[in-house]
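Q: Let's walk through a model together, feature by feature. Could you give me the general idea each time, and then the case at hand?

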Amino acid sequence: MVLLKRFAALLATTLPFAHSVSVKSTANWNITNDPEGSVHLNGLAFQQNPLSTLGDYQYVAFYSTSPKGYGHHYVNLGRRRVTPSIGDWQSFAFTDYEQTTLDEHNTISMGISGDGKIHLSFDHHDVPLNYRVSTTGVAKTIPAQWTQSAFGGSVQHSLPGSTGPWTPLTYPRFERLANGDMLMEFRIGQSGAGDSYIHRYSAASGQWSAVGKYLQGQDNNAYINGITSQDGKLYASWTVRETPDASTNHDFYFAFSEDDGKTWKASSGATVAKPITPSTAGIKVYTLPQGSEIINQEAQCADSKGRFHALMRDKSSGTATFYHYMRTSAGVFSKTAITVPDLSKPPYLSYRGKLASSGDTLIAILPDAPKSTVTIWGATAGGNFQDWKNLATIPNMAGEPLVDYERLKNGVLSIFVRQGGPFGTRKVQVWEFTLQF
Ligand SMILES: *[C@@H]1O[C@H](CO)[C@@H](O)[C@H](O)[C@H]1NC(C)=O
């Protein structure tokens, strides 16, 4: 018996195992006609998140053109049952708030706290906070009717119970914590001169409180890849920009928190002073000078094995390349080019991708801008996350894909995408891939 066990262990470490992730089935749904015009308001990489699941229901937040036509949009919220079987989408528009700024910053972010309240924040580019929340836990005690009445009052410009600043605000993000509380993160300031703040929603009290400023610019600003809570740790990674010009992005930074953003540590585990600045010792992990064509706000995730992953691209090798950054549970960072056949090198400022994980499998959702596709790749810990295998390709794409991280916990990769093509035919869609590991 002992011998057999040893033999099995040996096999597991030395044999080149067949790749262990594949797509069992796929389906897609049209959510809406994407708004008219050349500006993207749906499907930008910094939306955290437009698509999320709590319990048996999935929710999607999107803009559609209002009856007034070009340049007039409503925030919409859709829902459908996903467990035990897939139901039809139902959605409504918030008709008391018209979005009219044709600016790709002004996207929608949605968070669902453990008490079933749905929080929405939208339409910002250096303006006061816009926030609205359902009156009751509509994602937990599911109402038969799906209408704006679930949200009662109007748009608020502060978080009830917490203290500002609330302007000039951009890039709201929500992240649910394991106990059902939720964090909200955003930038106050401007491109090239801004700070990042965290607030916490208590599911028990229904009130917000300020966790504080955790990143501070030095006449520059951090552009985070995301804020990710996993197994009691909160992770952030970012690049820093000196001016509104994206070519001034430089370097790769990382920090984590073991108390949901109150205090922070560098990758080494050493506690750092808050707020973290670009010159905080131990925070910069990789040096990449300005002009390296790093793109801000690409992607990150953490896995259930204590690893942190980020996706960014740069041209440090002479050719623009997607890179997988990884920090092991022991705190060791690596940066490896994602070299896969049939994936175009990302043109400068082209659509950004996403990363997601399930156990020992890492999934990269990478736009192939020259081919107008979104391609999905899987890599495994057993293959040192370099055994990238194409799992699927979505045609006619012109936007940045976003992932439902909650639904992936049930083995379904559900993604929010924007099609290419003219207004009227161009849809916002949800695509799903049931994965087999
Ligand atoms: C989405 O819309 C397009 C264009 O109207 C249509 O051809 C397609 O069948 C729709 N897809 C689904 C899944 O309904």
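A: The lining of the second largest cavity consists of six nonpolar, five polar and no charged residues. Here Ala, Val, Leu, Ile, Met, Phe, Trp, Tyr, Cys and Pro count as nonpolar, Asp, Glu, Lys and Arg as charged, and the others, Gly among them, as polar. A word on the source: this is a predicted model, in which local features need pLDDT of at least 70 and side-chain atom pairs count only at pLDDT 80 or more, while totals for chains, interfaces and linings use all residues. Residues are numbered from 1 along each chain as its sequence is written, and side-chain values use heavy atoms, leaving out hydrogens and water.

Q: How do I read a cavity, and which residues line the second largest cavity?

A: Rolling a probe the size of a water molecule over the atoms shows where empty space is left. On a 1 Å grid over the protein atoms alone, a cavity is a set of points where a 1.4 Å probe fits but cannot get out, whereas a pocket is an open set with protein on both sides within 12 Å along at least five of seven lines; lining residues have an atom within 4 Å of a point. Grid points are joined across faces, edges and corners, and a volume is the space filled by probe spheres set on the points. The second largest cavity has about 40 Å³, and Leu-215, Gln-216, Gly-217, Asn-220, Asn-221, Ala-222, Trp-238, Val-240, Ile-276, Thr-277 and Pro-278 line it. Two or more of its lining residues come from each of β12 (208–216), β13 and β14 (233–241). Helices (H or I, at least four residues) and strands (E, at least two) are DSSP runs, numbered from the N terminus.

Q: How many cavities of 30 Å³ or more does the structure hold, and which element gives the most to the lining of the largest cavity?

A: There are two cavities of 30 Å³ or more. The largest cavity, of about 80 Å³, has a lining that includes Thr-170, Arg-173, Glu-185, Phe-186, Tyr-223 and Gln-297. At least two lining residues come from each of β9, β10 (182–190) and β13, with β13 giving the most, four residues. By class, the largest cavity is lined by five nonpolar, four polar and three charged residues.

Q: What about the pockets: which residues lie nearest the centre of the largest pocket?

A: The largest pocket holds about 840 Å³ of space. Of its 44 lining residues, Glu-175, Ser-229, Tyr-405, Glu-406 and Lys-409 lie nearest the centre. Among the elements that supply at least two lining residues are β2 (51–54), β9 (169–176), β13 (221–230) and α2 (405–408). The largest share, six residues, comes from β13. The lining has 16 nonpolar, 18 polar and 10 charged residues.

Q: And how is the second largest pocket lined?

A: The second largest pocket has about 370 Å³ and 19 lining residues, with Leu-44, Glu-104, Leu-349, Arg-352 and Glu-400 nearest its centre. Eight of the lining residues are nonpolar, six polar and five charged.

Q: Which residues are around the ligand?

A: A residue is near a molecule or strand if one of its heavy atoms lies within 4 Å of it. Around the ligand are Asn-28, Asn-30 and Lys-427. The protein covers 34% of the 360 Å² of accessible area that the ligand has on its own (Shrake-Rupley method with a 1.4 Å probe; for residues, only the protein chains shown count as cover).

Q: How do I read an aromatic pair, and why is Tyr-59 with Trp-146 called tilted?

A: A pair of aromatic rings is described by the distance of the centres and the angle of the planes. Rings of Phe, Tyr and Trp (its six-membered ring) pair if their centres lie within 6.5 Å; planes under 30 degrees apart count as stacked, over 60 as edge-to-face and the rest as tilted. By this rule there are 24 aromatic pairs. The ring centres of Tyr-59 and Trp-146 are 5.9 Å apart and the planes at 50°, so this pair is tilted. Tyr-59 belongs to strand β3 (residues 57–65) and Trp-146 to the loop between β8 (131–133) and β9, so the pair ties together parts 87 residues apart in sequence.

Q: Finally, the backbone: which peptide bond is cis with omega near 0°?

A: The bond from Gln-48 to Asn-49 is cis, with omega near 0°, and Asn-49 sits in the loop between β1 (22–33) and β2. The bond from Gly-164 to Pro-165 is cis with omega near 20°, and Pro-165 is in the loop between β8 and β9. Asp-231, in the loop between β13 and β14, has a positive phi of about 50° although it is not a glycine.
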